Amino acid sequence: MPETQPIIEIRNVDKFFGDFQALSDVSLTVNSGEKVVICGPSGSGKSTLIRCVNRLEEHTSGQLFVDGIELTGETRNIRAVRMEVGMVFQQFNLFPHLTVLENLTVGPLRVRKISKADAIARARKYLERVHIPEQADKYPAQLSGGQQQRVAIARSLCMEPRIMLFDEPTSALDPEMINEVLDVMIELAESGMTMICVTHEMGFANRVADQMVFMDGGKIVEIAPPSVFFTKPKNPRCREFLDQILEH
Amino acid sequence: MNHGMRRLLKRLHWMDGLIVAVLVLFFGYVWVQIGDQLNYKWRWGLIPDYMFRYDEERERWVANLLVQGLITTIRICIYASILAVLLGIILGMARVAKNLTIRMLARTYLEFLRNIPPVVVIFIFFFFLSEQLIAALNIESWARGIARSENNGVWEFFFGDMRRFPSVISGVIVLALFESAFVGEIVRAGIEAIPRGQHEAARSLGMSWYAEMRYIILPQALKKVLPPLANQFISLIKDSAIISLISVQELTYKTVELVSTTRAIFEAWIATAAMYFVICFSLSMLFSYLERPRKSGAR
Ligand SMILES: Nc1ncnc2c1ncn2[C@@H]1O[C@H](COP(=O)(O)OP(=O)(O)OP(=O)(O)O)[C@@H](O)[C@H]1O
Ligand SMILES: [Mg+2]
């Protein structure tokens with residue numbers, strides 16, 4: 001029963017940057033525990049859409065509910081939502097002045113306000129989860145890209161969020177490091193986390209996605225389970241896009 | 001003549017000789033003017049006496065006018081720079097605040113300081129702010145009380161003669177307010193140099209604006225602007241001469257006093273200039289030594 005409860009509801013959302021419309025009439029419902037993979041050409045609004053979910057971007061019109069809380073200008077709501085939503089960026093965005101362990105504890109300590117001992121225990125648990133327990137005392141700049149991205153994932157997980165957002169988490173990585181990050185994401189998916197991933201890693205998508213979403217020109221133009229999405233997509237732009245990507 | 005010396009001489013051009021000759025002639029002319037025309041008697045022997053004197057009562061050497069002034073200058077500069085950094089951080093954050101009113105206020109303050117001569121600013125701060133503050137907090141009589149009491153060693157160590165405390169505090173406040181605007185601009189530049197991704201990562205964790213600034217942005221920003229902040233500290237020492245105008249008994253004020261009692265105009269001002277120079281120049285060398293690139297893995 002809780003499996004089918006909507007945890008994210010995006011209703012007719014528009015987003016303008018000045019005169020430029022980055023999202024137009026986007027609606028999407030994500031159920032608890034569901035994995036949604038978003039793909040589409042550059043500039044189609046994928047990042048904008050997931051950034052609206054934790055209000056790094058403010059939607060212009062329409063409604064957005066996360067975990068039953070509507071995102072409006074209300075600061076309290078925004079922070080409540082952000083505590084439940086983890087975000088992983090293409091450029092990692094680790095805090096360079098903090099050690100790996102401090103990167104992981106700063107959120108729980110300063111936002112959740114748990115005790116230092118608990119925060120450290122939690123940080124070690126999630127470092128274990130992303131397979132780099134031995135790097136706790138290093139600074140981000142001393143790690144490889146793949147390790148940094150796994151630290152970033154662990155940093156989000158330390159807040160014990162109910163939803164994780166990924167914005168092209170492997171695009172900035174050297175090819176040999178992509179899999180170590182995707183493996184962590186697959187394990188996370190299997191643990192039942194609700195996830196929205198923007199990625200062009202179609203092998204990963206095929207494996208974990210419940211829903212595939214294709215965006216073009218600020219609109220969702222195709223939405224289907226992977227079995228349908230990869231074999232007989234209805235939208236011609238989507239078909240073209242998939243052909244291009246799967247060729248490589 | 002050693003090898004290096006000979007090489008140096010070879011590199012000298014006839015132009016260099018000309019420049020040196022002109023300079024020597026100019027200063028020689030000034031020297032002669034002072035000595036002959038003004039009938040000036042050089043009395044360099046006075047200067048050491050006005051730096052230190054032997055106290056018969058206490059039977060030891062104590063600071064005289066110039067060194068007293070120097071110590072006051074150093075005290076005031078240290079306190080003023082601490083206060084200026086605190087105010088400057090607040091001002092720098094206000095300059096990049098989301099709220100328009102806060103941003104405008106910070107901007108107004110900055111433009112006020114940029115477009116009014118420092119001397120005028122100092123008088124305005126003195127009469128409108130620090131005088132009022134000292135009167136309102138009744139600092140005057142409080143300090144007199146401490147000056148009279150027996151166990152005031154700690155206070156005297158930090159603030160010198162406690163009867164002068166109100167004037168020292170005025171100096172600190174006025175100087176700190178004056179410098180805070182420049183510190184604020186340095187801090188703002190530091191905050192703006194932090195990539196957007198850092199703000200976004202902090203916010204995604206649910207951090208409040210305060211937590212984001214306190215734990216993520218400011219530590220990085222301040223570390224970035226340490227070199228310009230250090231230079232600003234040297235500027236502050238030089239700027240501190242201006243508070244002699246509000247009768248704070250620091251080095252410049254004491255020099256004026258010395259000149260009016262001894263008439264040793266040139267010696268006193270040259271000695272004072274030398275003291276400022278030695279302090280500022282050695283700090284400047286120290287900071288560039290600390291800033292020199294180092295091989296290091298961490299951070
Ligand atoms: N802050 C902004 N100001 C103005 N325009 C923006 C801003 N952010 C995004 N845009 C525009 O909105 C459109 C959608 O951007 P978005 O980043 O969502 O695309 P994307 O699908 O994530 O592309 P990519 O694959 O390149 O990351 C783009 O045309 C972009 O130029
Ligand atoms: Mg993007």
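Predicted model: local features only at pLDDT ≥ 70, side-chain atom pairs only at ≥ 80, totals over all residues.
Visitor: Where is confidence lowest and where is it highest in chain B?

Guide: Chain B has an average pLDDT of 89, and 98% of its residues score at least 70. Within chain B, the lowest confidence belongs to helix H1 (residues 3–11), with a mean of 75. The highest belongs to helix H10 (residues 196–204) of chain B, at 97. For the complex, the predictor gives an ipTM of 0.94 and a pTM of 0.87.

Visitor: How many residues does each chain bring to the contact between A and B?

Guide: The general idea is that the size of an interface is often given as the accessible area lost when the parts come together. Here we can count residues instead. Chain A contributes 18 residues and chain B contributes 19 residues. On the side of chain A that touches chain B, helix H2 (75–84) and H3 each supply at least two residues. H3(A) gives the most to that side, with four residues. Sorted by class, that side of chain A has nine nonpolar, six polar and three charged residues.

Visitor: At what angle do helices H3 and H4 of chain A pack, and what is the distance between their axes?

Guide: Two packed helices are described by the angle between their axes and the distance between the axes. Helix H3 (residues 100–112) and helix H4 (residues 116–129) of chain A pack at an angle of about 130°, and their axes are 9 Å apart. H3(A) and H4(A) are therefore oblique to each other. Their crossing is right-handed.

Visitor: Which residues of H3(A) and H4(A) meet?

Guide: From H3(A) come Leu101(A), Leu104(A), Thr105(A), Pro108(A) and Leu109(A). In H4(A) they meet Lys116(A), Ala119(A), Ile120(A), Arg122(A), Ala123(A), Tyr126(A) and Leu127(A). The residues of this contact divide into nine nonpolar, one polar and two charged. As for the spacing in such lists, an α-helix has 3.6 residues a turn, so residues three or four places apart point the same way.

Visitor: What are the angle and the axis distance for helices H9 and H11 of chain B?

Guide: Helix H9 (residues 165–192) and helix H11 (residues 209–224) of chain B pack at an angle of about 115°, with 8 Å between their axes. The crossing of H9(B) and H11(B) is right-handed. Val187(B), Gly190(B) and Ile191(B) in H9(B) meet Ile217(B), Ala221(B), Leu222(B) and Lys224(B) in H11(B). By class, this contact has five nonpolar, one polar and one charged residues.

Visitor: Is Val187(B) buried or exposed?

Guide: A count of neighbours settles this. Val187(B), which is found in helix H9 of chain B, has 28 other C-beta atoms within 10 Å and is therefore buried, since 20 or more count as buried. Leaving aside neighbours within four places in sequence, Val187(B) is in contact with Gly88(B), Ile89(B), Gly92(B), Ala221(B) and Val225(B). Val187(B) and Ala230(B) are 43 residues apart in sequence and 12 Å apart in space, C-alpha to C-alpha.

Visitor: How far apart in space are Asp49(B) and Ser204(B)?

Guide: They are 155 residues apart in sequence and 66 Å apart in space, C-alpha to C-alpha. Asp49(B) lies in helix H3 (residues 46–51) of chain B. Asp49(B) has 14 C-beta neighbours inside 10 Å and so counts as partly exposed.

Visitor: Where does Asn138(B) lie?

Guide: Asn138(B) is in the loop between helix H6 (118–136) and helix H7 (139–148) of chain B. Asn138(B) also has a positive phi, of about 60°, although it is not a glycine. Asn138(B) has 9 other C-beta atoms within 10 Å and is therefore exposed.

Conventions
Residues numbered from 1 in each chain as written. Chains lettered and ligands numbered in written order. Axes fitted to C-alpha atoms, helices over the stretch in contact; angles between N-to-C directions. Parallel < 35°, antiparallel > 145°, perpendicular 65-115°, else oblique. Left-handed = near helix turned anticlockwise from the far one by under 90°. Contact = placed C-beta atoms within 7 Å. Nonpolar A, V, L, I, M, F, W, Y, C, P; charged D, E, K, R; others polar. Buried ≥ 20, exposed ≤ 12 C-beta atoms within 10 Å, placed from the backbone. pLDDT = per-residue confidence, 0-100.
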